[in-house]
Amino acid sequence: MSQSSGGKRVTLQDIARQTGYSVNTVSRALRNMSDISAQTCARIQDVARELGYTTNQIASSLRSGRTHIFAVILGGMSNPFYGIMADTIQDAAQAAGYSVMIMCSRDDAAQELRLVEQAIARCVDGILLFPTGQSGATIQRLRASGMPFVLMSRYINEGEADSVVCDEAEGAYLATKHLIEAGRRRPAYISSGTVVFSSAQRLSGFNRACDEAGIPESERCVYVASRNIMAFRQLQAWCAELTEKLARLRDEGFDALFVFCDVEAWHAMDAMQKSGRFRPDDFGIASFDNLEGALSFPIPLCSVSCDYEEMAHAGIDLLRARIHGDDRPPRTIVRPVRLVCRGSCGKNKE
């Protein structure tokens, strides 16, 4: 049903009266059923549009047992990574005939579990979850409920649930190797905090590139703070702390930064510029996420790219398979990565 211009909701009965067909014929014509002629379907659908009719999704869900809605539970839309993923998942879901319900956990396990309960109560067909490091209880609840779900971007324990991730270790390896090939010989790994799955993977890739290049542990640095930079005060504190750390690293001869993600790299570059204590060529910089491939940003950054659209489609394909009865053991899809050079490595600078 839908709202007519006079305030009354347009019903199948209204269309039937207007066209002279039965309610059953109207219903089948609106669904393009094969036993209704194309001419009759066109006539009924034209009248339906003129009256302002739209399908009653609740009634349709009661008939089919499915809502054709996915819940997408991610960290928070203030993080551009999640915003881009939300956009691409919505596009992929619509192409598959589904709508999405976007929900933000703020990377808080208790809030995440509440959102899962809400999604289950709303009878969504499935859930795409970007888990936190404390998502064990949430995953147990999803299993107990029978709700189909797929973990996106990261997982807690390998093989415990369907998941779609990118090859983060390889990406970090490519980024660090890129800096080394640009002539940088003393690299540092920089991160504002620890993220489940991703941090360990990226650190392993960083170390692999250093090992391969023959850079001893004494000539590399790992600096991981404990900040939530999505909180403004913590961001300010981290930038101040990072500025001092980078000044010390520069004075000790370090000349390359592999930063955990683009957002952190941009904050670091901005903090260095605002401090007035650094030259543009003090550090070659590379990062992860390639946000600039999806949105415009004025600070060029070498970054690891994983195709967001392919990740979204892979997650939805896994979820739809579970919805339709696929009972195979959990699968993990690992998407390939590539390095996009925009000159922040120093390779293109004199």
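Okay, let's start with R250: its relative accessible area is 23%, so it is partly exposed (buried is under 20%, exposed is over 50%, partly exposed is in between, with a 1.4 Å probe and protein chains only). Quick housekeeping: this is a predicted model, where local features need pLDDT of at least 70, side-chain atom pairs count only at pLDDT 80 or more, and totals for chains, interfaces and linings use all residues. Residues are numbered from 1 along each chain as its sequence is written, and side-chain values use heavy atoms, with hydrogens and water left out.

So what does R250 pair with in a salt bridge? Its partner is D282, at 3.7 Å, N to O. The rule here is a side-chain nitrogen of Lys or Arg within 4 Å of a carboxyl oxygen of Asp or Glu. R250 sits in helix α10 (residues 232-251) and D282 in the loop between α11 (262-275) and β11, 32 residues apart. Helices and strands are DSSP runs, H or I with at least four residues for helices, E with at least two for strands, numbered from the N terminus. D282 is buried, at 7% relative accessibility.

Next, D289 and R202, with the closest N and O atoms 4.0 Å apart. D289 is in the loop between β11 (284-288) and β12 (302-305), and R202 is in helix α9, so this pair ties together parts 87 residues apart in sequence. Both ends are buried: D289 at 13%, R202 at 5%.

Helix α9 (residues 198-212) also holds R208, whose partner E170 is in helix α8 (residues 168-181), 38 residues apart.

How many salt bridges does the rule give? The count is 24.

Helix α2 (residues 23-30) packs on helix α3 (residues 38-51) at about 95°, axes 9 Å apart. The axes are lines fitted to C-alpha atoms over the stretch in contact, with angles from 0 to 180 degrees between N-to-C directions. That makes the two roughly perpendicular, a label for 65 to 115 degrees; under 35 is roughly parallel, over 145 roughly antiparallel, and the rest oblique. Touching, meaning heavy atoms within 4.5 Å, are T25, V26, A29 and L30 of α2 with T40, C41, I44, Q45 and A48 of α3.
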